[in-house]
Amino acid sequence: MPSLRFRYQTIEFGDRGELDIHLRTLRDKQQFSDRYQVAEKLGISSASWPIFGVVWDSSRVLADLMHDFDIQGKRILEVGCGIGLASLVLNKRQADITATDYHPEVENFLNTNALLNNDQVIPFVRTGWADDDSGIGQFDLIIGSDLLYEVEHVELLSDFIDQHAKPQCEVILIDPGRGHHAKFSRKMVELGYQHTQTAAIPNDAMANNYKGQVLRYERS
């Protein structure tokens, strides 16, 4: 099996580029490596395998928000973190951040990138939204980007979030417009959260046609 090809890049945050995050990502979305069939046993196909390993526009929007978000005294969870750009920004800010994802390669990339930025390793748990309680506890702030790929994710994700939300909790998700966020928002309201949404502000480095939404849910 051929070796993976990587891309190394630095992403700047802030109006004056005052925060740099160094990243090792997959060079493109056409790669696959599952020597011991770990991903296959988890139901991850060769086509979907590389999705975790690149920077998506929605993840950049989330990371931009986290660059100057109020983190004081908050325990934070990133759900479906993928390459973990928002987690790396929060980690650089010395936030109390925990990351989760279902993909078996995410932890390796997250650890590598934390070390590239001369930061401590980010606490990570590999878990799926339908798994039994992973034991990670509850959080003040739960974040994620581009998570609602399929309509069945509405129930799975909302239940997972609610399981790990403190009685007072804020949830911020970035959705690029896959068509399922209205159903998800109705489900979150049923669970007792107040919902607002605003248009995401694209970064200059993002696609010009990006039409994402910032979805916010708050329970107090």
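Trainee: Which residues does Gln31 touch, not counting residues up to four places away in sequence?

Mentor: In this predicted model, Gln31 lies in the loop between β2 (19-26) and α1 (38-41). Leaving out residues up to four places away in sequence, the residues that Gln31 touches are Leu4, Arg5, Leu26, Ser46, Trp49 and Pro50.

Trainee: Does Gln31 count as buried or exposed?

Mentor: The cut-off for a buried residue is under 20% relative accessible area. Gln31 has a relative accessibility of 10%, so this residue counts as buried.

Trainee: At what distance does the side chain of Gln31 reach the backbone nitrogen of Arg5?

Mentor: Arg5 is among the residues that Gln31 touches. A polar contact requires a pair of N or O atoms within 3.5 Å. The side chain of Gln31 reaches the backbone nitrogen of Arg5 at 2.7 Å.

Trainee: Why is helix α2 (residues 57-67) described as largely enclosed by the rest of the structure?

Mentor: The buried residues of α2 include Val61, Leu62, Ala63 and Met66, and also Ser58, Ser59, Arg60 and His67. Helix α2 is largely enclosed because, of its eleven residues, the number buried is eight.

Trainee: Which element gives the most to the largest nonpolar core?

Mentor: The largest nonpolar core has 42 residues, and Met66, Ile143 and Ile172 have the most contacts inside it. At least two residues of this core come from each of β1 (6-13), β2, α2, α3 (85-92), β4 (96-101), α4 (106-116), β6 (139-145) and β7 (165-175). With five residues, the element that gives the most to this core is α3.

Trainee: With which residues is Met66 in contact, leaving aside its neighbours within four places in sequence?

Mentor: Met66 is one of the buried residues of α2. Apart from neighbours within four places in sequence, the contacts of Met66 are Ala86, Val89, Leu90, Arg93, Leu141, Ile143 and Ile172.

Trainee: How many residues are in the second, separate core?

Mentor: Val154, Ala165, Val171 and Phe184 are included in the second core, which is separate. Its number of residues is 20.

Trainee: At what angle do helix α5 (residues 153-163) and helix α6 (residues 181-190) pack?

Mentor: Val154, Glu155, Leu157, Ser158, Asp159 and Ile161 of α5 meet Lys183, Phe184, Lys187 and Met188 of α6. The residues of this contact comprise five nonpolar, one polar and four charged. The crossing of α5 and α6 is right-handed. Their axes are 9 Å apart, and the helices pack at an angle of about 35°.

Trainee: What is phi of Gln94, and what is phi of Asn118?

Mentor: Gln94 is in the loop between α3 and β4, and at 72% relative accessibility Gln94 counts as exposed. Asn118 is in the loop between α4 and β5 (124-126) and is exposed, with a relative accessible area of 72%. In each case phi is positive in a residue other than glycine. Phi of Gln94 is near 65°, and phi of Asn118 is near 60°.

Note on methods
Residues numbered from 1 in each chain as written. Predicted model: local features only at pLDDT ≥ 70, side-chain atom pairs only at ≥ 80, totals over all residues. Heavy atoms only, no water. Buried < 20%, exposed > 50% of the residue type's maximum accessible area, 1.4 Å probe, protein only. Helix = DSSP H or I, 4+ residues; strand = E, 2+ residues; numbered from the N terminus. Polar contact = N/O pair within 3.5 Å; in protein donor to acceptor, adjacent residues only side chain to side chain. Contact = heavy atoms within 4.5 Å. Core = buried A, V, L, I, M, F, W, Y, C linked by side-chain atoms within 4.5 Å. Axes fitted to C-alpha atoms, helices over the stretch in contact; angles between N-to-C directions. Left-handed = near helix turned anticlockwise from the far one by under 90°. Nonpolar A, V, L, I, M, F, W, Y, C, P; charged D, E, K, R; others polar.
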